[in-house]
Amino acid sequence: MIAAHLPALQVVVPLLAAPICLLLGRGRWAWAFATAVSWLTLAIAVALLSQIGNGDLPGYAFGDWPAPWGIEYRVDRLSAFVLLIVSGIAAAILPYAWRSVAREIPPEQQAIFFTALLLCLAGLLGITITGDAFNLFVLLEISSLASYTLIAMGRDRRALTAAYQYLIMGTIGATFILIGVGLLYMLTGTLNMADLAIRIAPLQESRTLHTAFAFLVVGIGLKLALFPLHLWLPNAYAYAPSVVTAFLAATATKVALYALIRFLYTIFGVAFAFDAMLTHWILLPLSLAAILSASLVAIFQDDVKRMLAYSSVAQIGYMTLGLALVSVTGLTAALLHLFNHALMKGALFLALGAVAYRLGPVRLTGMAGLGRQMPWTLAAFVVGGLSLIGVPLTVGFVSKWYLILAAIEAGWWPVAALILIASLLAVLYIWRVVEVAYFRPRPAGAEAVTEVPLALLAPTWALVLANLYFGLDTRLTVGLAETAAAGLFAGVAR
Amino acid sequence: MSARPVLEAIAKLLVPYILLFGLYVQFHGDYGPGGGFQAGVIFAAGLILYALAFGLDKAMVVAPPALLRPLSALGVLLYGGVGLVAMLNGGSFLGYDHLAADPIAGQHLGVLLVEFGVGITVAAVMILIFFAFVGRSE
């Protein structure tokens, strides 16, 4: 009986856990409860994935209203894949959260912090699982409003302006998405994604459809931090609390990419999105510009969190580049990088959070000589960095391999070369940290720093090991991504 | 003698009717225009008028923030709880048909409870937002 309700529970459990968290009041209880809930959501995501493995696509009709009229949840390989990584990251980050939050958030705000974190998780999972275009907008607003709150809780006062900037940009993005969905509804009279796909097909020449398409792509582009709409991202990531940066960097932009893929492939269809609207000719130059310019800017950052934030903008460029190649291999690469980048950035930001736990705001100069004093934390940072660069045996290598393969398959040698050049830029900015941490002495007079507690190290290393594991055993990730990509191109749910 | 006799007299006259109208919009929402969100806003507007006329301190005695916070969470839980009960009774999440033996009675009960949950949360959050803004300047 419970198996049939899993698609609903995936979102309902964290959504209802959030107000309970607020009622618990005390920070420590709220944290323990939120952690248990995050593990439960991961278990649900795994169960949904195994249902798909058994050959069926779980669906759910809310309030017993059948599909085209009511709100429908529908899980295929693409959504199960994203559900797995989002809930997995949450389950890894929440055990870490207690120590870090106790250091960075005042006690009276801790319960609110975990409430907002659970709401954000519920919204992100909901966007991924819903089969209803308007419901997607609602859940996007739930996750966005929660993330503005979370960012504003940063210790630095600049967190407030960063959150405000994100609020304005994010709201413009959400409004564009709403306008796009509204136009689609006006045109077709339906909001169900599968139904929309059928009804849009004969309307390819409609000006309204073209307008809706433009609004949706730009709106999602803002949430995705697609170059040049990424201006909110570096400040938001740099000034948010450590846990929030790790969580948002690993999940929020990934879910926005999922929404873009969902709209482009499932609703509008490959023929309309790429052959008629030529989306790839917009995505390609923007992706390349993102990869090169953000990597270059990252090299010159002094704030290490900000450096990784710019690196995120570049990595998002790799994902949209995969889309711009318009091939099954390209889409596979984009999906793989979605999953793998969540693991790398999760590990890197958690390692930085551990440094921040000891040092406060992490400036590059402040990290001098830390390699000896915090060996495990810095080792985690190095492995995460290697993965970001794309060294073999790590997940970064797997996704870059597929991306270069797709570029060569399309005959775009210069693009393949640019991907390699950008990887060298990543070597540069990661090396700056390694050089300072390992090869410079601790400045005279600086207070001695010791390794962080196991409660911070264990989750960080769990993600680091996931980076290595999924870099070696690619059956699950590549298998899911390839099947999902082939299904999206064929226009059938798999 | 207060400094603003007209304002206070009018507020005293209006506040009960505003609150009553809020409850009307809340519980008549099943049959006519209205519902939890509108009712919550109207109810909160009544208390905000009270706060404007008599000051923040007195308003905080009537509607203590320590009470409003749990209420804002309880409204959401009432909404979700109705959904879960429907699920336990063998329907889908929020499948009101399964709330009572008779599906029509179930639909009535479901909408009533869900809208009540919305009303509680909206009223509590509206007042809390007002308190947060006004409290900042003092």
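Begin by selecting helices H7 (residues 193-200) and H10 (residues 242-268) of chain A, whose axes come within 8 Å and cross at roughly 55 degrees. H7(A) and H10(A) are therefore oblique to each other; angles under 35 degrees count as roughly parallel, over 145 as roughly antiparallel, 65 to 115 as roughly perpendicular and the rest as oblique. The axes are lines fitted to C-alpha atoms, for helices over the stretch in contact, with angles from 0 to 180 degrees between N-to-C directions. Helices are DSSP runs (H or I, at least four residues), numbered from the N terminus.

The model is predicted; local features need pLDDT of at least 70, side-chain atom pairs count only at pLDDT 80 or more, and totals for chains, interfaces and linings use all residues. Residues are numbered from 1 along each chain as its sequence is written, and chains are lettered from A and ligands numbered from 1 in the order in which they are written.

A:Met193, A:Leu196, A:Ala197 and A:Ile200 of H7(A) are in contact (C-beta atoms, placed from the backbone, within 7 Å) with A:Thr266, A:Ile267 and A:Phe268 of H10(A). By class, this contact has 6 nonpolar, 1 polar and no charged residues. Nonpolar denotes Ala, Val, Leu, Ile, Met, Phe, Trp, Tyr, Cys and Pro, charged denotes Asp, Glu, Lys and Arg, and the others, Gly among them, are polar.

Move to helix H20 (residues 475-490) of chain A. In H20(A), A:Thr477, A:Leu480, A:Ala481, A:Ala484, A:Ala485 and A:Leu488 are buried (20 or more other C-beta atoms within 10 Å of the residue's own; exposed means 12 or fewer, partly exposed in between; C-beta atoms are placed from the backbone). These residues cover an arc of only 125 degrees around the axis, which puts them on the same side of H20(A); the arc is that of the directions from the helix axis to the C-beta atoms. The face turned away from this buried side carries the exposed residues A:Arg475 and A:Ala490. After H20(A) comes A:Gly491, with a positive phi near 75 degrees.

Now select H19(A). Its buried residues include A:Leu456, A:Pro459, A:Leu463 and A:Phe470, and their cover includes H14 and H20 of chain A.

Finish at A:Ala333, found in H14 of chain A. A:Ala333 is buried, with 29 other C-beta atoms within 10 Å. The C-alpha atoms of A:Ala333 and A:Tyr318 are separated by 8.7 Å.

Terms used:
Helices (H or I, at least four residues) and strands (E, at least two) are DSSP runs, numbered from the N terminus. Two residues are in contact if their C-beta atoms, placed from the backbone, lie within 7 Å.
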